[in-house]
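Let's take a friendly walk through a protein model. Have the sequence and the 3D view ready, and look up each residue as we come to it.

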Amino acid sequence: MADKEKKVSIRERLHEGRHSPLKTYIQLTVGDVGFFRFALYEFLTCILGPIPGGIGFYLRKKFYPLLFRKTGKGLIIGRNVVVRHPDKIEVGNNVTIDDNCLIDGRGSGDAGVILEDNVMINRNCTIQAKAGPIRLGKRTSLGSNSAIVSMGGVEFGEAVLVAGGCSFSAGLYNFDEIDVAVMDQGSYSKGPIFIGKNSWLGTGVIVLDGVNIGTAAIIGAASVVNKDIPPNAIAFGIPAKVKKFRE
């Protein structure tokens, strides 16, 4: 288990930033970059981010690649997509990010947040690297209103199908001290979450910290996965249990 430093907490940074709001805003949105990079980020996200229709898609496709660490061809970004620390984000070919999503690479380290070729992020999704990298394999589809929060790392294999409203919650809080608020006791991670290739997760599935779901597994809707699921298994329930195997 790895403890996470409190400096990665937005609450801590906002508290420290009361004396320098602009510096705090820069740290939360783009990190340690030069003024030109910050000004470019502000211009592109403020001006182009809300533009509707085809002209908005075209302008974001044309100019948003300037923000990211690496960008392939055929990028589609919807309206009001919030991108934080884009210098830590890599986007492959033909990636689609629908309206009102958040992609935050601030705690991903050198590995960054990587969306491989043909990844589709449907609207209202959150991909947030608090203290660990995130990688979504080729042709992975993340359903609307889903959230990936990484403390120890999150990795999806190729062609993972995720239905709407799913949650990948990598990280836990310490809670041993009764007289201290849980939010003040620090957090830790059991390890990364791995989702094997060709797997399918139904609507509203919750995957907890340190879980490994094997290749071609199927997880039933509204299940809570708190232990590893072997390859080719069909599992569901709270907590999720293997019911049978795909032949």
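Over the ring of which residue does the charged end of Lys243 sit? It sits over the ring of Phe236, 5.2 Å from the ring's centre. Keep in mind that this is a predicted model. A like arrangement involves Arg60, whose charged end is placed over the ring of Phe57. Here are both, side by side:

| Charged residue | Ring | Distance to ring centre |
|---|---|---|
| Arg60 | Phe57 | 5.7 Å |
| Lys243 | Phe236 | 5.2 Å |

**Helix α4**

Arg60 also brings us to helix α4, which covers residues 53-63. Its buried residues are Gly56, Leu59 and Arg60. If you look down the axis of α4, these buried residues fall within an arc of 95°, so they line one face of the helix. What do they pack against? Their partners are α3 and β3 (76-77). On the face of α4 turned away from the buried side, you will find the exposed residues Gly54 and Lys62.

**Aromatic pairs**

Is Phe38 buried or exposed? Phe38 is buried because its relative accessible area is 10%, and buried means under 20%. Tyr25, with a relative accessible area of 34%, is partly exposed.

**Strand β13 and its neighbours**

Now find strand β13, residues 147-150, where the side chains alternate. Strand β10 (residues 126-129) runs parallel to β13, and four bridges join the two. In one of these places, Gln128 has Val149 of β13 as its bridge partner. β13 also pairs in the parallel sense with strand β16 (residues 167-169), over three bridges. There, Ala147 stands opposite Ser167 in β16.

**A stop in a loop**

Finally, where is Val182? Val182 lies in the loop between β17 (172-173) and β18 (187-189). Its relative accessible area is 41%, so Val182 counts as partly exposed. Leaving out residues up to four places away in sequence, Val182 touches Tyr173, Asn174 and Phe175.

Terms used:
Residues are numbered from 1 along each chain as its sequence is written. This is a predicted model: local features need pLDDT of at least 70, side-chain atom pairs count only at pLDDT 80 or more; totals for chains, interfaces and linings use all residues. Side-chain values use heavy atoms; hydrogens and water are left out. Buried means under 20% relative accessible area, exposed over 50%, partly exposed in between (1.4 Å probe, protein chains only). Contact means heavy atoms within 4.5 Å. Two strands pair if DSSP finds at least two bridges between them. A charge sits over a ring if NZ of Lys or CZ of Arg is within 6 Å of the ring centre and within 35 degrees of the ring normal. The arc is that of the directions from the helix axis to the C-beta atoms.
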